[in-house]
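Here are my notes on the model you sent.

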Amino acid sequence: MKVRFTAEIIDDDGNVIGNRVSEAGGIPCPDDFDLSTKEGFLRDFDKLEKAVLKARNQIGKDIVEETLDNTSKKTKFYI
């Protein structure tokens with residue numbers, strides 16, 4: 001299994017800056033969750049949660065970087 005996040009920033013003119021991130025880091029299938037013990041369930045839930053958080057953090061970072069990169073190409077900054 002894998003988790004996939006898609007993010008888009010759409011400006012007032014309808015231009016879209018978008019990105020997609022996938023994370024397949026050992027996410028257990030629902031049928032593979034160890035439901036026999038609390039510790040087993042928490043271990044499998046931890047794998048799922050870590051993969052989701054890693055993908056979420058990466059898509060946020062990527063979309064901000066892409067937006068700033070596009071902005072810097074259109075604008076000259078004067079300091």
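This is a predicted model: local features need pLDDT of at least 70, side-chain atom pairs count only at pLDDT 80 or more; totals for chains, interfaces and linings use all residues.

1. Leu35 sits in the loop that runs between β2 (16-23) and α1 (38-74). Its relative accessible area is 65%. Leu35 is therefore exposed, since the cut-off for that class is over 50%. Phe41 is partly exposed at 33%, and Phe45 is partly exposed at 36%.

2. **Aromatic pairs.** How many aromatic pairs does the structure hold? There are 2. In one, the ring centres of Phe33 and Phe41 are 5.7 Å apart and the planes meet at 45 degrees, so this pair is tilted. Phe33 is buried, with 15% relative accessible area. In the other, the ring centres of Phe41 and Phe45 are 6.1 Å apart and the planes are at 20 degrees, so this pair counts as stacked. The cut-off for stacking is under 30 degrees. Taken together, the ring pairs link Phe33, Phe41 and Phe45 into a cluster.

3. Strand β1 (residues 3-10) pairs with β2 in the antiparallel sense. The pairing runs over 8 bridges. Glu8 has Gly18 in β2 as its bridge partner. The two strands, β1 and β2, form a hairpin with 5 residues between them. In the turn, Gly14 has a positive phi of about 90 degrees.

4. **Nonpolar core.** The largest nonpolar core has 9 residues. They are Val3, Ala7, Ile17, Val21, Ile27, Ala51, Ala55, Ile59 and Ile63. At least two core residues come from each of β1, β2 and α1. Which element gives the most to this core? It is α1, with 4 residues.

5. The whole structure has 5 salt bridges. One of them joins the side chains of Lys54 and Glu23, at 3.8 Å from N to O. Lys54 is in helix α1 and Glu23 is in strand β2, so the pair ties together parts that are 31 residues apart in sequence. Is Glu23 buried or exposed? Glu23 has 16% relative accessibility. The limit for burial is under 20%, so Glu23 counts as buried. The 3.8 Å contact qualifies as a salt bridge because the cut-off is within 4 Å.

6. **Salt bridges within the helix.** Lys50 and Asp46 meet through their side chains in a salt bridge of 3.1 Å, N to O. Both lie in helix α1, 4 residues apart, about one turn of the helix. Lys50 counts as exposed at 54% relative accessibility. Asp46 is partly exposed at 29%. Glu65 forms a salt bridge with Lys61, and their closest N and O atoms are 3.5 Å apart. Glu65 and Lys61 are about one helical turn apart, because they are 4 residues from each other in helix α1. Glu65 has a relative accessible area of 44% and is partly exposed. Lys61 is also partly exposed, at 45%.

7. **A charged network.** Which residues do salt bridges with shared partners join into one network? They are Asp34, Arg43 and Asp44. Side chains of opposite charge can pair when their charged atoms come close.

Conventions
Residues are numbered from 1 along each chain as its sequence is written. Side-chain values use heavy atoms; hydrogens and water are left out. Buried means under 20% relative accessible area, exposed over 50%, partly exposed in between (1.4 Å probe, protein chains only). Two strands pair if DSSP finds at least two bridges between them. Rings of Phe, Tyr and Trp (its six-membered ring) pair if their centres lie within 6.5 Å; planes under 30 degrees apart count as stacked, over 60 as edge-to-face and the rest as tilted. A nonpolar core is a set of buried Ala, Val, Leu, Ile, Met, Phe, Trp, Tyr and Cys residues joined through side-chain atoms within 4.5 Å.
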